[in-house]
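Let us walk through a protein model together, one part at a time.

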Amino acid sequence: MHELSLMEAVREQVLEQARLHAARRIDVITLRIGSLAGVEPEALRFAFEVVMAGSIAADARLQIERVPAVAFCDCCQGEFALDDGLWECPCCGGLSRQLRRGRELQLASLQLT
Ligand SMILES: [Zn+2]
């Protein structure tokens with residue numbers, strides 16, 4: 001499962017941060033996930049439980065910040081929301097190939113003790 005390897009990478013990052021800050025425990029982990037990132041929040045939560053078990057992040061709460069996909073229209077020089085993956089600009093009807101937001105998958109913040 002792709003979510004497991006992803007969560008393993010998150011664990012490396014958070015444990016590294018915890019070490020740098022001499023934290024005893026990780027309380028909250030917030031991830032920022034774009035709507036086109038291709039991960040299922042449910043699968044991610046399951047992977048979180050499995051991967052964090054036995055570490056100082058075992059009791060941490062996972063928060064997921066969803067980022068809606070947004071594309072940019074060259075013609076209108078404006079951004080528009082990608083509803084249902086439709087790449088058509090609502091203003092001029094042109095097709096956009098520039099994704100501005102929506103594929104992110106990153107650590108947004110951490111709360112340590
Ligand atoms: Zn347009």
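This is a predicted model: local features need pLDDT of at least 70, side-chain atom pairs count only at pLDDT 80 or more; totals for chains, interfaces and linings use all residues.

Residues are numbered from 1 along each chain as its sequence is written, and side-chain values use heavy atoms, with hydrogens and water left out.

**Two sheets**

A word on terms comes before the tour. Helices (H or I, at least four residues) and strands (E, at least two) are DSSP runs, numbered from the N terminus. Two strands pair if DSSP finds at least two bridges between them. Strands of a sheet pair through backbone hydrogen bonds, either parallel or antiparallel.

Start with the open sheet of three strands ordered E2-E1-E6, where the pairing is mixed. Its edge strands, E2 (61–67) and E6 (105–112), each pair on one side only. From one strand to the next, the twist averages 20°; axes here are lines fitted to C-alpha atoms, for helices over the stretch in contact, and angles run from 0 to 180 degrees between N-to-C directions. Strand E1 (residues 26–34) runs antiparallel to E6, and seven bridges join them. Look for Ile 33, which stands opposite Leu 105 in E6.

A further open sheet has three strands in the order E4-E3-E5, with antiparallel pairing. E4 and E5 are its edge strands, and neighbouring strands are turned by 40° against each other on average, direction ignored. Three bridges connect E3 and E5, and Ala 71 has Leu 99 in E5 as its bridge partner.

| Helix | Residues | Strands met | Angle |

**The zinc site**

Which residues coordinate the zinc ion? They are Cys 73, Cys 76, Cys 89 and Cys 92, each through its SG atom, at 2.2 to 2.3 Å. Donors are N, O and S atoms within 2.8 Å of the metal (3.2 Å for Na, K and Ca). The angles among the four donor atoms are 104 to 114°, and the site is tetrahedral, a label given to four donors if all angles lie between 85 and 135 degrees. Along the sequence, the donor residues follow the spacing C-x2-C-x12-C-x2-C. Cys 73 sits in strand E3 (residues 70–73) and Cys 89 in the loop between strand E4 (78–81) and strand E5 (98–101), 16 residues apart. Both Cys 73 and Cys 89 are buried, meaning under 20% relative accessible area.

**The packing inside**

A nonpolar core is a set of buried Ala, Val, Leu, Ile, Met, Phe, Trp, Tyr and Cys residues joined through side-chain atoms within 4.5 Å. The largest one has 20 residues, of which Met 7, Ile 29, Leu 31 and Met 52 touch the most other members. H1, E1 and H2 each supply at least two residues of this core. Apart from it lies another core of six residues, including Ala 69, Cys 73, Phe 80 and Cys 89.

Finally, find Ala 60 in the loop between H2 and E2. Is Ala 60 buried or exposed? Ala 60 counts as buried because its relative accessible area is 10%. Among the residues that Ala 60 touches are Ile 26, Val 28 and Phe 48.

Terms used:
Four donors count as tetrahedral if all angles lie between 85 and 135 degrees; four count as square planar and six as octahedral if opposite donors are over 155 degrees apart and all others between 65 and 115; anything else is irregular. Buried means under 20% relative accessible area, exposed over 50%, partly exposed in between (1.4 Å probe, protein chains only). Contact means heavy atoms within 4.5 Å. Lists of a residue's contacts leave out its neighbours within four places in sequence.
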